[in-house]
Amino acid sequence: MGLGSPDDATVYRMENGTLLVATADFFAPVVDDAYTYGAIAAANSISDVYAMGGTPFLALNLAAIPSDMPPEIAAEIFRGGMEKAREAGVIVAGGHTMDDKEPKYGLAVIGTVVPERLLLKGGARPGERLVLTKPLGSGIITTAYKSGQASPEVLAQAVPWMLRLNRDAVRAVHATSARGATDVTGFGFLGHATEMALAARVRFRIRADRVPILEVARPLADLWLFPGGTAANEMYFGQWVTFDPSIPEEVRMLLFDAQTNGGILAAIPAAEMDRFAEACQALDQPFWEVGEVLEGEPGIEVVARD
Amino acid sequence: MTKVVDARGLSCPQPVILARQAMEEGEFPIEVLVDTVTSRENVRRAATKAGLQVQVEAVGDEFKLTLTQ
């Protein structure tokens, strides 16, 4: 891909025509448990390869470990990352660790994809349906927990989703002829949706009542405990998004909430929605139909309902 | 006496949490000092949602929000 059009990972065409997909990501802890943190960070790093339609196979650790962290805690972070990578069929071989005050962990990941299976942010076409494969809320839940405003039980609602690989979601997308997809992470659902709509020069109509949101996130939104990144998303991407006036402010912000290893957002040809749903069912992969792709001024319109 | 919440240098949601703690004490006006646009917006909206009047003033690169009932 050229540098002009942002996408989820770097793609390099090898001599045999196969495309190499390369990406790297790391972040500070989102949960207390070291093993779970490592696993979430690894799943998040690997997700960018899936978002390009690729199959990951090799990764390197990227870590910053405080010098006073007990070695067994650091080992748990790496073990979490390595076991999540193994679940994805990825070998973690080496990497680099540096000293820093706050821990950071993630992976540099390499995968491959054949050109016909490449999924691009700009691949959505008018008439397609938009699907999302995880509920929103991980950003506000993890930051509220970190600042003592949410209980471990609330956090526990988000953890299984953050741990979940996006592998099966992309397998289901690949059961169709869809070409447009991305993963929902730091820019939030509407930020990443905007990127897709602008790249494809299409208009997305989003049904606010159909976008899945973890119920435990709603009371936190009422208290406006959003992370700084969520507010930044709204301030930047808001210029391309219009809302039905009946949609409450806190719901709008939840749609911008920065996600950790969020789901796949994909545009599926309407005639292939049954095939997509069957593939999801066979893989035990949840999904929500959240809107449609239209012709028109590139951007997003969020409607309350039909 | 005006209560001052200095939330400069803190990232969200910390400024909102501190402002809310001051709001719960029930003594107004409250001045909240923040140093980013995102903190300014988050505190402004949290206070507006709580039914308060909010005045925003730029102080150099920083912001002062005055919350009144």
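This tour moves through a predicted model from its domains to a helix pair and then to the nonpolar core.

Residues are numbered from 1 along each chain as its sequence is written, and chains are lettered from A and ligands numbered from 1 in the order in which they are written. In this predicted model, local features need pLDDT of at least 70 and side-chain atom pairs count only at pLDDT 80 or more, while totals for chains, interfaces and linings use all residues; side-chain values use heavy atoms, with hydrogens and water left out.

**Domains.** Select residues 10-116 of chain A as domain 1 and 119-303 as domain 2; these bounds come from an automatic or database domain assignment. Their centres, taken over C-alpha atoms, are separated by 22 Å. To the contact (heavy atoms within 4.5 Å), domain 1 of chain A contributes 21 residues and domain 2 of chain A 22.

**Helix pair.** Next, select H1 (residues 34-51) and H4 (residues 152-163) of chain A, whose axes come within 8 Å and cross at roughly 45°. Helices here are DSSP runs (H or I, at least four residues), numbered from the N terminus. Axes are lines fitted to C-alpha atoms over the stretch in contact, with angles running from 0 to 180 degrees between N-to-C directions. Display Thr36(A), Ala39(A), Ile40(A) and Ala43(A) of H1(A) against Val159(A), Met162(A) and Leu163(A) of H4(A), which make the contact.

**Core.** Finally, select Phe189(A), Leu190(A), Phe204(A) and Val302(A), which touch the most other members of the 117-residue largest nonpolar core. Such a core joins buried Ala, Val, Leu, Ile, Met, Phe, Trp, Tyr and Cys residues through side-chain atoms within 4.5 Å; buried means under 20% relative accessible area (1.4 Å probe, protein chains only). H1(A) gives the most to this core, with ten residues. Both domains of chain A give residues to this core, so the core lies between them.

Note on methods
Helices (H or I, at least four residues) and strands (E, at least two) are DSSP runs, numbered from the N terminus. Buried means under 20% relative accessible area, exposed over 50%, partly exposed in between (1.4 Å probe, protein chains only).
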